[in-house]
Amino acid sequence: MPVPSLFDIMGPIMIGPSSSHTAGAARLGKMAYKLAGGDIRGAKMYLHGSFAATYRGHGTDKALLAGLLNFNPSDEQLKNSFAIAKEKGIAYEFIPTDLGEHVHPNTVRFVITTGSGETFEITGSSIGGGQVLVSEIDGMEVRFTGERPIIITAHRDTPGVISHITALLYERDINIGDMRVTRSREDKSAHMYIELDSLCSQDLTAAIRRIPGIIRVKLLLPIDETEIPERSRQ
C-alpha cells in the first residue's frame with residue numbers, strides 16, 4: 001500500500017469548499033483559457049453529473065469562470081469571478097446536461113468563442129484532490145492532465161504535413177509521449193494532438209505554422225509547477 005502524501009490528506013491550496021468542485025473546476029477553466037489563447041469573449045459551460053446538481057452550492061460556477069479569467073484555484077478573486085467577467089464584457093452561461101453514462105460525474109464541456117470569432121470546445125473532468133483530466137478537444141479524444149505540454153493542430157489532410165511536424169520535434173530532441181490524428185473526408189481536413197515528454201518553446205509553434213497545409217496550431221504548456229499536486233511530480 002502506498003503511503004499517503006500530505007497533499008492526499010490536506011488537499012490543494014485553494015479557495016472554496018471542495019477540491020473536486022472548486023479547485024479542479026478552476027484548473028479546468030484555466031486549461032480552456034490557454035486553449036483559447038486568452039482571448040475569450042463568450043463561454044457556454046455544459047455541466048454533467050454532480051457538477052450539474054451542485055454547481056451553485058459548491059461554487060463550481062464561480063470556479064469555472066475564474067479559470068477562464070486565468071485565475072489560479074488559490075486566487076482570492078475566484079469568488080468575484082461573475083463581477084469581473086461582467087466588467088470584461090465576457091458572456092457566460094451554465095447549462096446542466098447529460099454528457100453520457102460513461103462520463104465522470106464531475107465533467108464540464110466548454111464551448112468558447114474568441115474575439116476573432118473562432119470557436120473551441122474542450123471537455124474535462126475533475127477527478128479528485130484538485131486533479132483534472134481533459135478528455136476531448138474540438139471533438140478529438142485526448143488524455144491531458146496538465147502535467148506535460150501538448151500541441152494541437154488543424155491542417156489539410158495532405159501527405160507530408162505530419163512528417164514535417166515530427167521532423168521539427170526530432171530536430172529539437174523532443175520525444176512524443178502520445179499522438180492522435182482524426183480526419184474528415186468531407187472537407188479533407190485533419191486534427192492532430194501530440195503530447196510531448198519535455199518542454200518546448202513558443203518558436204516551435206511558429207515553425208509549425210510555416211508548414212504548408214497548417215490551418216491552426218496551439219501549444220498548451222503544463223500547469224504551473226506551483227499548481228501541480230506534489231504526488232504528480234513523483
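Student: Which residues in helix 6 meet which residues in helix 7?

Tutor: The model is a predicted one. In it, Ile165, Leu168 and Leu169 of helix 6 meet Leu204, Ala207 and Ile208 of helix 7. By residue class, this contact of helix 6 with helix 7 divides into six nonpolar, no polar and no charged residues. Helix 6 covers residues 161–171 and helix 7 covers residues 202–209; the two pack at an angle of about 150°, and their axes are 10 Å apart. Because angles over 145 degrees count as roughly antiparallel, helix 6 is roughly antiparallel to helix 7. The crossing of helix 6 past helix 7 is right-handed.

The strands may be described in turn. Strand 5 spans residues 131–137, and five of its seven residues are buried. Strand 4, residues 119–128, runs antiparallel to strand 5 and is joined to strand 5 by six bridges. Within this pairing, Thr123 stands opposite Glu136 of strand 5. Strand 4 and strand 5 form a hairpin with two residues between them, and Gly129 in that turn has a positive phi of about 65°.

Strand 5 also pairs in the antiparallel sense with strand 6, residues 140–144, over three bridges. Here Ile137 stands opposite Met140 in strand 6. A hairpin is formed by strand 5 and strand 6 as well, with two residues between them; in the turn, Asp138 has a positive phi of about 50°.

Note on methods:
Residues are numbered from 1 along each chain as its sequence is written. This is a predicted model: local features need pLDDT of at least 70, side-chain atom pairs count only at pLDDT 80 or more; totals for chains, interfaces and linings use all residues. Side-chain values use heavy atoms; hydrogens and water are left out. Buried means under 20% relative accessible area, exposed over 50%, partly exposed in between (1.4 Å probe, protein chains only). Helices (H or I, at least four residues) and strands (E, at least two) are DSSP runs, numbered from the N terminus. Two strands pair if DSSP finds at least two bridges between them. Axes are lines fitted to C-alpha atoms, for helices over the stretch in contact, and angles run from 0 to 180 degrees between N-to-C directions. Angles under 35 degrees count as roughly parallel, over 145 as roughly antiparallel, 65 to 115 as roughly perpendicular and the rest as oblique. A crossing is left-handed if the near helix is turned anticlockwise from the far one by less than a right angle, and right-handed if clockwise. Contact means heavy atoms within 4.5 Å. Ala, Val, Leu, Ile, Met, Phe, Trp, Tyr, Cys and Pro count as nonpolar, Asp, Glu, Lys and Arg as charged, and the others, Gly among them, as polar.
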